[in-house]
Amino acid sequence: MACRNIVSIVSTMQTQKLYHTKEKKSHPEKISTYKPNNWKYDHLLSLTSQYSEEKYKVKAEKLKEEVCCTFSDTHASPVVQLELIDTIDKLGLTSYFEVEIQKALENTIIYSMKSSSNHYATTALCFRQLLTEHGYNASQDMLKDLLHGKGKLPSDIKTLLELFEGSHLSMDGEKLLNNDIRLLSDIVDRFTSNPLAWRVRWYDVRTHIINTTQNSNNTNIPMLLKLAKLNFNIIQATHQNDLKDVIRWWRNLCIVEDLEFTRDRIVESFFYAVGIASEAQHGSIRKWITKVIQLVLIIDDVYDIYASLADVQQFTRAIEKWDPNEVEQLPECMQICFRALHATMEEICVEIQEQKGGPSTLPYLKQGWVNFCKALLVEATWHYEGHIPTLEDYLDNGWISSSGSLFSFHVIYCMTNKITNENLDLCKNCQEIIYHVSIIIRLCNDQGTSTAELERGDVASSIICYMQQENVSEDVAREYIKSIILDSWKKINYHFNKLSTSHRKIVNHVINGARMAHLMYHSGDGFGVQDGETRHQILLNLVQPIT
């Protein structure tokens, strides 16, 4: 994104008050720059996969039993077993071998690694993925030998790549690799994009299968690859069935024609939901989260594009009271929007209660929507007043308007096996994680959509706020925003490692929301633009099986 684009827009804002107007936005078709949906729903609804059949699941179990024999090889060195576990993780097969992996780590590898000082790449791998990601607390001190005691980076690429990945698992307060992160990033940039800790693992599986097929000479790999390809296609078939369900729901809602100014992005919303919870058993969660994301897009567009300030003030009051009568005086499209939200959330909460038991989640989830709409109202007020806030004020409100906390509440309440007071309190216990996940979602969104949103006349983004506040260039502002994202990841790592094992499994799905933000906005606006990288990823992961 060229610096002059944002600079020229800021200049226009200052001289012509581009987004400073108190007039009612009554012609959304002249304001919205979003293109209509270009997915052919009938085609997606016609998708059928042979891998939905039970015989393929039976075949996968048989392959699993064959691979299990590899773990019982007492002659396998720690290095071989570490690399085997790493391959299993990257191929998306961890759920098949959780017990075997845990046993291998506890009984063999950790002890052996203590006496191994010459396998630098393996030490970095052990720190990066295996110890930290499999529930062990691993200090950066174990990497001191790799830096030769002087902070000097090793020279071989394999070790550098593992150090790069490990540096992004550092926690708030750890400093060993802090000074090396930028240098590591510069060195390995041509080999990778975002670090593994910031990526949604499921959406990397297909690439890892292809790369492993082409590059590995390990004798165990052919069996693993057979299982990985079969597992990918089985899970993809499950995802396709879920996708068809949410498309039918979206069509039956019958609101697209009445809300022409907003984004019809049910496929992208489902893609995001799969990234949050890709496991086959989480079909209900995927469908619930998809509905929430699509409704978030609609309401965000109502506040950003369509409604007057008076209208969104009244709409926010209606959300607070959760009363359809409160929107009767608003434009018809806003009434439709409210009724769709009201009916969908009531339905989701009934389904959660039927499946999970315990008290209704509606009071908790409703409050999430209230907070979200209040934050959007603050931004709408800034918009109508022509006000560019400080970055601090922007983020104090923006972490909520990002919808990250709203998603997080839904994920936690949907993921628990039973709704209890203890599980409901989990939202409070991991508030710091929810906050920093939301900050990352907000800032990744701003990095990918800033120019387009300003051209539409939306409220200033974090980039604009910092540029004006500090009188710096766009490049400087973007680098500063990146530093906030990195700092938020360190805090997430710190608080995540303080959670119990059972809570980590739930909260990791919350953190996937931040990982999906990196994916959706890495190459621009993954929701607003349908013909870019996001579409390619959807086709590969949700439509086309591996042959």
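Ser403 lies in the loop between helix H17 (residues 391-401) and helix H18 (residues 404-415), where helices are DSSP runs of H or I with at least four residues, strands are runs of E with at least two, and both are numbered from the N terminus. The model is a predicted one, in which local features need pLDDT of at least 70 and side-chain atom pairs count only at pLDDT 80 or more, whereas totals for chains, interfaces and linings use all residues. Residues are numbered from 1 along each chain as its sequence is written, and side-chain values use heavy atoms, with hydrogens and water left out. Ser403 is buried, with a relative accessible area of 3%; buried means under 20% relative accessible area, exposed means over 50%, and partly exposed lies in between, as computed with a 1.4 Å probe on protein chains only. The phi angle of Ser403 is positive, at about 75 degrees, although this residue is not a glycine. Most residues other than glycine have a negative phi.

A positive phi in a residue other than glycine is also found at Cys254, where the value is near 55 degrees. Cys254 lies in the loop between helix H11 and helix H12 (residues 266-276), and with a relative accessibility of 49% Cys254 counts as partly exposed.

Two further loop residues were examined. Ser308 is found in the loop between helix H13 (residues 283-306) and helix H14 (residues 309-321), and Ser308 is buried, its relative accessible area being 11%. A polar atom of the side chain of Ser308 lies 3.1 Å from the backbone nitrogen of Asp311. Leu499, in turn, lies in the loop between helix H23 (residues 474-496) and helix H24 (residues 501-521) and is buried, with a relative accessible area of 15%. When residues up to four places away in sequence are not counted, Leu499 touches Ile433, Arg504 and Val507, a contact meaning heavy atoms within 4.5 Å. Leu499 and Cys430 are 69 residues apart along the chain, and their C-alpha atoms are separated by 8.4 Å.

For the protein as a whole, the model contains 25 helices and zero strands. Of the 547 residues in the protein, 57% are buried. Among the contacts in the protein with a separation of 6 or more, 76% are accounted for by residues 24 or more positions apart.

The packing of helix H11 (residues 221-253) was described through two of its partners. The axes of helix H10 (residues 202-215) and H11 come within 10 Å and cross at roughly 150 degrees, the axes being lines fitted to C-alpha atoms, for helices over the stretch in contact, and the angles running from 0 to 180 degrees between N-to-C directions. H10 and H11 are therefore roughly antiparallel to each other, since angles over 145 degrees count as roughly antiparallel, those under 35 as roughly parallel, those from 65 to 115 as roughly perpendicular and the rest as oblique. The contact is made by Trp202, Val205, Arg206, Ile209, Thr212 and Thr213 of H10, together with Ile221, Leu225, Ala228, Lys229, Asn231, Phe232, Ile235, Gln236 and His239 of H11. By class, the contact of H10 with H11 has eight nonpolar, five polar and two charged residues, where Ala, Val, Leu, Ile, Met, Phe, Trp, Tyr, Cys and Pro count as nonpolar, Asp, Glu, Lys and Arg as charged, and the others, Gly among them, as polar.

The axes of H11 and helix H25 (residues 533-543) come within 8 Å and cross at roughly 105 degrees, which makes H11 roughly perpendicular to H25. In this contact, Phe232, Gln236, His239 and Gln240 in H11 meet Leu540, Asn541, Leu542 and Val543 in H25, and the residues divide into four nonpolar, four polar and no charged.

Leu542, found in helix H25, is buried, with a relative accessible area of 1%. Not counting residues up to four places away in sequence, Leu542 touches Gln236, His239, Gln240, Phe270, Phe271, Val274 and Gln537. The C-alpha atoms of Leu542 and Ala237 are separated by 8.1 Å, although these residues are 305 residues apart along the chain.

In helix H12, Tyr272 counts as buried at 2% relative accessibility. Leaving aside neighbours within four places in sequence, Tyr272 is in contact with Ile293, Ile441, Gly513, Met516, Ala517, Met520 and Phe527. Tyr272 and Leu519 are 247 residues apart along the chain, with a separation of 9.2 Å between their C-alpha atoms.

Terms used: Polar contact = N/O pair within 3.5 Å; in protein donor to acceptor, adjacent residues only side chain to side chain.
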